[in-house]
Amino acid sequence: MCIIYLNYLKQINKETEIAEYVLKNSMRNKELLKMLSLEKSLVYFTTSLKSNELVMEKTLRGKIIKLYDEDEEILEDAIIENRQAIEMAQIYSNILNGTMDAYASIISNNLNGVMKYLTSVTIILAVPTMVSSFWGMNVNLPFQNSAMGFGIMLLISIVLTVIVTWWLNKKDMLK
């Protein structure tokens, strides 16, 4: 019976490795959900194996049925195999849990990078908007009576945008 559990555990481990490989290349929710499903399966396996261990221990103690010496040896071997299966299931579960935590951290880190980049782009776009907003106010402004006023303000806006872009790039905010 434990051999069947061990075979299923090996199958779950193979499916975990496949899901990890696919997850490394895609980072989609589908693979994370697959890994969550595998983790749930391992929890069910561990629970059922522990229940089997309790039944076998009670049987070995002779409280349920009377055993012959040869039967006791077979049952002791089955208990040992069951404990090995429990340990394997727990190890696979721990590995899978650690892997899911690592991928969750990677995804969170990627999201932070995207948010940092988008914030930087927003700051860069805010500079010309701010210059244009000041230029559009109904108060006396420099260059408002000049024929070159619009061009000068456009040049100021471009220069400020380049400076802000250079500064953000220097601070590693555009990567």
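**View 1. Leu155 is an exposed residue of helix α4**. In this predicted model, Leu155 has a relative accessible area of 55% and therefore counts as exposed (exposed is over 50%, buried is under 20% and partly exposed lies in between, with a 1.4 Å probe and protein chains only). Leu155 lies in helix α4, residues 149–170; helices are DSSP runs of H or I with at least four residues, numbered from the N terminus.

**View 2. Leu155 contributes to a nonpolar surface patch**. Together with Phe143, Ile156, Val159, Leu160 and Ile163, Leu155 makes a patch of about 490 Å². Residues in a patch have over 30% relative accessible area and no salt bridge, and nonpolar side chains (Val, Leu, Ile, Met, Phe, Trp, Tyr) are joined within 5 Å. Accessible areas come from the Shrake-Rupley method.

**View 3. Glu53 and Arg83 form a salt bridge**. The N to O distance is 2.9 Å; a salt bridge requires a side-chain nitrogen of Lys or Arg within 4 Å of a carboxyl oxygen of Asp or Glu. This pair connects helix α2 (residues 29–60), which holds Glu53, with helix α3 (residues 69–135), which holds Arg83, across 30 residues. Arg83 is partly exposed, at 38% relative accessibility.

**View 4. Arg83 also meets Glu57**. Their salt bridge spans 2.5 Å, N to O, and links helix α3 to helix α2 between residues 26 apart. Glu57 is buried, since its relative accessible area is 18%. Through shared partners, Glu53, Glu57 and Arg83 form one network.

Residues are numbered from 1 along each chain as its sequence is written. Local features need pLDDT of at least 70, side-chain atom pairs count only at pLDDT 80 or more, totals for chains, interfaces and linings use all residues, and side-chain values use heavy atoms, without hydrogens and water.

Notes. Patches are made of residues with over 30% relative accessible area and no salt bridge: like charges are joined within 9 Å, nonpolar side chains (Val, Leu, Ile, Met, Phe, Trp, Tyr) within 5 Å. Accessible areas come from the Shrake-Rupley method with a 1.4 Å probe; for residues, only the protein chains shown count as cover. Helices (H or I, at least four residues) and strands (E, at least two) are DSSP runs, numbered from the N terminus.
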